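Here's a quick briefing to read with the model open beside you.

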Amino acid sequence: MSTQLSKSVTLETPANHVELICVNNLWAHASISLFGGHLLSYVPSYDQRERLWLSRDAWLDGTRSIRGGVPVCWPWFGDHPARNLPAHGYVRNQQWRLVSSVDTDDATIVRLRPCAIQNAMNEDGLELELSITVGRQLTLALSTRNTSDRPRNFGAALHSYFEISDIHNTCLKGLSGQCLDKTEDFARKVTPNPYLFEAETDRIHVHPGNRCWIETPDYAIEVNSRGHDSVVVWNPWRAKSAELEDFHDEGFQSMLCVESAITQGFTLAAQQTHTLTQTFA
Ligand code: TA6
């Protein structure tokens, strides 16, 4: 049975390309890939500026996860804790389905679910839903529901790649305290102040506040998180990005990942729901 689409939503299936849900309303344009439940683009009408970075070499044929936009990482973050399975879980590598789309007075809300939940980390009994609200700001809300009668553990991230004009002239504000530096085997470090970018950066800021913002000379992107235990900041820089087949040359100069994440694992009690949220504008 096909899902009834709200007025501002269309489905597009370009040849050799992932299926897209396109949202065009008064406040913004957005496109969402049904492969991965993956937000690819968000352009608010008031300034017509793309907020999300997408690699020019991204695989968009649904064979591998998409480099850019907002990959959904679930039910684990980073490497699988025990087995040799793909990093960041499997839902970014599989087909999702549209559950509903609704136009409200100030936004369009699109709800999606992965077509299947595997059992790669003891997550049977968990249900996952992503709600994307497209308005003057963009909100992603990833809800994990434990339908079983036992506690379940999971990790997750909304792994957002933001489009910036120049990484050399970018400052990240609002983060402080200690962080784990993946480039130095997760050594505990103090968050840089000012937070500038001059080399590969891969840091897990554990227990940060809810708000941080990316400042460039021309504009700022505010990122709000809820239901997270970490904010992850990533830029692979030149050498690391050159190793990634789907990362275009020099692409690192115009991107910064600021991810709302559960990196420490979250135990969800029986019959409870947890929602990880990221909002940006
Ligand atoms: O979130 C940061 C990170 O885990 C980095 O360590 C880096 O490898 C990145 O994600 C991208 O991972 P991917 O599996 O998409 O290549």
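**Ligand site and cysteines**

The ligand sits in the largest pocket. Keep in mind that this is a predicted model. On the cysteine side, the structure has zero disulfides.

**Who surrounds the ligand**
- The shell is made up of Arg 67, Phe 77, Ala 87, His 88, Arg 92, His 159, Lys 182, Asp 202, Val 232, Trp 234 and Glu 259.
- Sorted by class, that shell comes to five charged, four nonpolar and two polar residues.

- Asp 202 has a side-chain N or O atom 2.5 Å from an oxygen atom of the ligand.
- For Lys 182, a polar side-chain atom lies 2.7 Å from a ligand oxygen.
- As for cover, the ligand on its own has 390 Å² of accessible area, and the protein covers 83% of that.

- Cys 22 counts as buried, at 9% relative accessibility.
- Cys 257 is in no disulfide either, and its nearest cysteine sulfur, in Cys 73, is 9.4 Å away. A disulfide would need the two sulfur atoms within 2.5 Å.
- Cys 257 is buried as well, with a relative accessible area of 0%.

Definitions and conventions:
Residues numbered from 1 in each chain as written. Predicted model: local features only at pLDDT ≥ 70, side-chain atom pairs only at ≥ 80, totals over all residues. Heavy atoms only, no water. Near = heavy atom within 4 Å. Polar contact = N/O pair within 3.5 Å; in protein donor to acceptor, adjacent residues only side chain to side chain. Areas by Shrake-Rupley, 256 points an atom, 1.4 Å probe, with all protein chains shown as cover. 1 Å grid on protein atoms, 1.4 Å probe; cavity = no way out; pocket = protein on both sides within 12 Å on 5 of 7 lines; lining within 4 Å. Sits in = over half its atoms within 2 Å of the grid points. Nonpolar A, V, L, I, M, F, W, Y, C, P; charged D, E, K, R; others polar. Buried < 20%, exposed > 50% of the residue type's maximum accessible area, 1.4 Å probe, protein only.
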